[in-house]
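Dear colleague,

I am handing over the structure below, and after it I set out what was found. Please read the notes with the structure open beside you.

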Amino acid sequence: MARDGVAIQFDGVYKSFEDTHVLKGMDLEIGWGKITTILGPSGCGKSVTLKHIIGIERADAGRVTVDGNEMGTVSERDLVELRKRIGVLFQSSALFDSMTVRENVGFGLRMHTGASDAEINERVQACLEEVELHGAEEMMPVELSGGMRKRAALARAIAMSPDFILYDEPTTGLDPRTVNVVSDLILKLQDRLDITSVIVTHDMSLTRRISDHVALLYQGKVAAQGSPDEIEAADNEVRRFIAGEL
Ligand SMILES: Nc1ncnc2c1ncn2[C@@H]1O[C@H](COP(=O)(O)OP(=O)(O)OP(=O)(O)O)[C@@H](O)[C@H]1O
Ligand SMILES: [Mg+2]
């Protein structure tokens, strides 16, 4: 697999919901093996952007390409294969409430691979260790704290050894210490597993700490982008976003 250059590309993407025009000619290139952060005010289309990458939403115009698959025209079969390679940490964590942590983390493996119970258990164990949640296998989601839920969801996201992980607000609602735990985890996974990550957040300190590339989504387009240093030095919408004015 080509690891140089562009993994995910948005090329002139438009997306509306009836009268709500969300994406209005959005262009963005997401590099292989990099952590790309998307910032932007509430409602600007960050979650919608992630949904285009997994093919839950489709562009009205323009193109979204994921590892060479054009999401507007990809076959159902290729889409299924592609989704197996994308781990997602949803905004709400979205664990299955009626399943234990073990069942949650093993869900994708059970659905999509021929792995035996023993193999699945071993993999679940390894993923829980990765997120420092070993010992929580038999707990139900309702018994977990917010930070534990995020980590369980992250274990589930990495269980299938994905090439991509999409994080929607991974630290929102967590206390500062747990924010550090989760951001360390994101960096560790990146380092160890060579994953291409896309992170949606409002959190500037997280952004500074983990991003290779930052894009500010504003009024339907990428209004500014660059390294964390470049983007903070820019005298434009970014400054207003950081100041809480957007
Ligand atoms: N399925 C849908 N049907 C109708 N409108 C939608 C749908 N999905 C998103 N929208 C609208 O699109 C806009 C962008 O939504 P999105 O969830 O991407 O925002 P966001 O940038 O993730 O915001 P937040 O930071 O609050 O999570 C919002 O106005 C939202 O109401
Ligand atoms: Mg959102």
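Two strands are taken to pair if DSSP finds at least two bridges between them, and this is the sense in which bridge partners are named below. Please keep in mind throughout that this is a predicted model.

Strand β7 covers residues 164-168 and runs parallel to β6, to which it is joined by four bridges; one of the residue pairs is I86 with its bridge partner F164 in β7.

These strands belong to an open sheet of six strands, in which the order is β6-β7-β8-β3-β9-β10 and the pairing is mixed. At its edges stand β6 (86-89) and β10 (221-226), and because each has a single partner strand, one side of each is left without a neighbour in the sheet. From one strand to the next, the twist of this sheet averages 15°.

There is also an open sheet of four strands, ordered β2-β1-β4-β5, and here the pairing is antiparallel. Its edges are held by β2 (20-31) and β5 (69-70), each with a single partner strand, so that one side of each has no neighbour in the sheet. Within this sheet, strand β1 (residues 6-17) and strand β4 (residues 61-66) run antiparallel and are joined by five bridges, and I8 has V66 as its bridge partner in β4.

Turning to the division into domains, the protein consists of domain 1, made up of 1-85 + 162-246, and domain 2, which spans 94-161. The centres of the two, taken over C-alpha atoms, are separated by 24 Å. Where domain 1 and domain 2 touch, eleven residues of domain 1 are in contact with ten residues of domain 2. On the domain 1 side of this contact, helix α6 (residues 176-193) gives the most, with five residues, and that side as a whole has eight nonpolar, two polar and one charged residues.

The remaining notes concern how helix α3 packs against two other helices. The axes of α3 (residues 101-112) and α4 (residues 117-130) come within 9 Å and cross at roughly 125°. Angles from 65 to 115 degrees count as roughly perpendicular and those over 145 as roughly antiparallel, and α3 and α4 are therefore oblique to each other. The crossing in which α3 passes α4 is right-handed. On the α3 side, R102, V105, G106, L109 and R110 take part, and they meet I120, R123, V124, C127 and L128 in α4; by class, the residues of this contact divide into six nonpolar, one polar and three charged.

Helix α5 (residues 146-158) packs with α3 at an angle of about 30°, the two axes being 7 Å apart, and that makes α3 roughly parallel to α5. The crossing of α3 with α5 is right-handed. Here V101, N104, V105, F107 and G108 in α3 meet A152, A155 and R156 in α5, and the contact has five nonpolar, two polar and one charged residues.

With best wishes

Methods: Residues are numbered from 1 along each chain as its sequence is written. Chains are lettered from A and ligands numbered from 1 in the order in which they are written. This is a predicted model: local features need pLDDT of at least 70, side-chain atom pairs count only at pLDDT 80 or more; totals for chains, interfaces and linings use all residues. Domain bounds come from an automatic or database domain assignment. Two residues are in contact if their C-beta atoms, placed from the backbone, lie within 7 Å. Ala, Val, Leu, Ile, Met, Phe, Trp, Tyr, Cys and Pro count as nonpolar, Asp, Glu, Lys and Arg as charged, and the others, Gly among them, as polar. Axes are lines fitted to C-alpha atoms, for helices over the stretch in contact, and angles run from 0 to 180 degrees between N-to-C directions. Angles under 35 degrees count as roughly parallel, over 145 as roughly antiparallel, 65 to 115 as roughly perpendicular and the rest as oblique. A crossing is left-handed if the near helix is turned anticlockwise from the far one by less than a right angle, and right-handed if clockwise.
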